[in-house]
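Trainee: I am new to this structure and would like to go through it with you step by step. Could you show it to me before I start asking?

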Amino acid sequence: GKSYRDKLVGAIASTSNVVLDLGCGTAASARQLNPEQKYFGIDVSSKYISKAKKRNIQCLSKKIIVQDLKTFMWNDKFKEFTEGAYSLTLALGFLLH
């Protein structure tokens, strides 16, 4: 069956249009999204992001990048992502480390 994390994400993300996943790791949370949702994942690990980009994620759009959170939040280069409206922000993997 589904893990506790998968059940949790599935329940809270079901009504979200645009999901921001901080510390997304291999983007496991994105598996719980449906094709009408948009997903944006960020993680500091290039190894995890490489695996995440290979995942079959069935979202309307997905963007997954390697970056530390401080640079992401305060660098104009990422303005298109930081000024957008997210209906849900996940930090499940981020809080574990």
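Mentor: Let us begin with a term: a residue is called buried under 20% relative accessible area, exposed over 50%, and partly exposed in between, with a 1.4 Å probe and protein chains only. Please keep in mind that this is a predicted model, in which local features need pLDDT of at least 70 and side-chain atom pairs count only at pLDDT 80 or more, while totals for chains, interfaces and linings use all residues. Residues are numbered from 1 along each chain as its sequence is written, and side-chain values use heavy atoms, with hydrogens and water left out.

Trainee: What percentage of the residues in the protein is buried?

Mentor: The protein has 97 residues, and this is the total to which the share refers. Buried residues make up 37%.

Trainee: Which residues of the largest nonpolar core touch the most other members?

Mentor: A nonpolar core is a set of buried Ala, Val, Leu, Ile, Met, Phe, Trp, Tyr and Cys residues joined through side-chain atoms within 4.5 Å. The largest one holds 15 residues, and the elements that give two or more residues to this core are α1 (4–13), α2 (46–54) and β4 (88–90). The members that touch the most others are Val-19, Ala-27, Ala-30, Leu-33, Tyr-39, Ile-57 and Ile-64.

Trainee: Which residues does Val-19 contact, leaving aside its neighbours within four places in sequence?

Mentor: Contact means heavy atoms within 4.5 Å. With those neighbours set aside, the contacts of Val-19 are Leu-33, Lys-38, Tyr-39, Phe-40, Tyr-86, Leu-88 and Leu-90.

Trainee: Which side chains meet in a salt bridge?

Mentor: A salt bridge is a side-chain nitrogen of Lys or Arg within 4 Å of a carboxyl oxygen of Asp or Glu, and a search of the whole structure finds 1. The pair links distant parts of the chain, 25 residues apart, with one partner in the loop between β1 and β2 and the other in helix α1. Asp-6 is buried at a relative accessible area of 12%, whereas Arg-31 is partly exposed at 44%. The N to O distance is 3.6 Å, and the side chains are those of Arg-31 and Asp-6.

Trainee: Is Arg-55 buried, exposed or partly exposed?

Mentor: Arg-55 lies in the loop between α2 and β3, and beyond residues up to four places away in sequence it touches Thr-26, Ala-27, Ala-28, Arg-31 and Lys-62. The C-alpha atoms of Arg-55 and Ala-27 are separated by 7.7 Å, although these residues are 28 residues apart along the chain. Because its relative accessible area is 24%, Arg-55 counts as partly exposed.

Definitions and conventions:
Helices (H or I, at least four residues) and strands (E, at least two) are DSSP runs, numbered from the N terminus.
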